Amino acid sequence: YGLLLGLMVVFAMGHYSDVQSESQREASSLVSLYDTTGVYPPQSRDHVRHVLICYMRSIVTDEWPSMERGSELEAPQTLAYGDQLRADLRTLPHSNPEQGSAYGHASTLISDVSASRKRLLFYTAPRIPAALWVVIYVGAFVVFLLLAGHYATRPTGRISSLATVAVLMTVVVAVLAMLDQPYGIGVRVEPNQMSQAINLALVGEK
């Protein structure tokens, strides 16, 4: 039973780490996209950069709270900015080799961003199935029952053993539940990478 709990904590930790890595990847791709548009003249890049910053801010202010509530759908405002950004990128000129290279790179980056956003939305769903939670709680009940029987003739030892195991299991199960829902309470992943990416882009603009 302890081995099962340990393996599930490792599995849930992997889920939590995936969310952190994907949010970092998304933020990095958006900063790179912002920098890539720098080869264009102001009349072409300024509007695209404005929409890009609005999209990034919407991820922080609209999308992340929606994911914290467990929604697996993109927030309407974020979706609108994302569609507008993709449409604006398709209108960028590519009349010379430098612009052509930037256009291709921007297309690749926005595809990576879209894939990261979909994966982050997918990660809002818990990864541990209900059947395993049943196994955890049934196993806990069996452990308590066995301990109670083992210490049947020693009340003092029984109370201390049951209390210790109860605290340990409560902590493990609570941590497991929090790691399995990385946007929820406790060990939630915050959009710090995206906020930092916005600051980096705005500093670069100045």
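The model is predicted. A search of the whole structure finds three aromatic pairs. The largest nonpolar core has 43 residues, and helix H1 (2-36) gives the most to this core.

**Aromatic rings**

- A pair of aromatic rings is described by the distance of the centres and the angle of the planes.
- Tryptophan 64 and tyrosine 183 form one of the three pairs. Their rings lie 5.6 Å apart, centre to centre, with 85° between the planes. That angle makes the pair edge-to-face, because planes over 60 degrees apart count as such.
- This pair links distant parts of the chain. Tryptophan 64 is in helix H2 (residues 42-68). Tyrosine 183 is in the loop between helix H6 (155-180) and helix H7 (192-205). The two residues are 119 residues apart.
- Tryptophan 64 has a relative accessible area of 2%, so it counts as buried, the cut-off being under 20%. Tyrosine 183 is buried too, with 2% relative accessibility.
- Phenylalanine 122 and tyrosine 123 form a tilted pair. Tyrosine 123 is buried, with a relative accessible area of 10%.

**A charge over a ring**

- Arginine 49 places its charged end over the ring of tyrosine 34. The distance to the ring centre is 4.2 Å.

**Nonpolar cores**

- In soluble globular proteins, nonpolar side chains tend to be buried together.
- In the largest core, Leu30, Leu33, Met56, Leu85 and Leu89 touch the most other members.
- H1 gives 10 residues.
- Leucine 85 is in contact with Leu33, Val48, Val51, Leu52, Tyr55 and Ile110, leaving aside its neighbours within four places in sequence.
- A second, separate core has five residues. Among them are Ala140, Leu147, Val165 and Met169.

**Helix H6**

- H6 has 26 residues. From its first C-alpha to its last, H6 reaches 37 Å. That is close to the 38 Å expected at 1.5 Å a residue.
- Which residues of H6 are buried? They are Ser161, Val165, Met169, Val173, Leu176, Leu179 and Asp180.
- An α-helix has 3.6 residues a turn, so residues three or four places apart point the same way.
- H1 and H5 are among the elements that cover the buried residues of H6.

Terms used. Residues are numbered from 1 along each chain as its sequence is written. This is a predicted model: local features need pLDDT of at least 70, side-chain atom pairs count only at pLDDT 80 or more; totals for chains, interfaces and linings use all residues. Side-chain values use heavy atoms; hydrogens and water are left out. Rings of Phe, Tyr and Trp (its six-membered ring) pair if their centres lie within 6.5 Å; planes under 30 degrees apart count as stacked, over 60 as edge-to-face and the rest as tilted. Helices (H or I, at least four residues) and strands (E, at least two) are DSSP runs, numbered from the N terminus. Buried means under 20% relative accessible area, exposed over 50%, partly exposed in between (1.4 Å probe, protein chains only). A charge sits over a ring if NZ of Lys or CZ of Arg is within 6 Å of the ring centre and within 35 degrees of the ring normal. A nonpolar core is a set of buried Ala, Val, Leu, Ile, Met, Phe, Trp, Tyr and Cys residues joined through side-chain atoms within 4.5 Å. Contact means heavy atoms within 4.5 Å. The expected span of a helix is 1.5 Å times one less than its number of residues.
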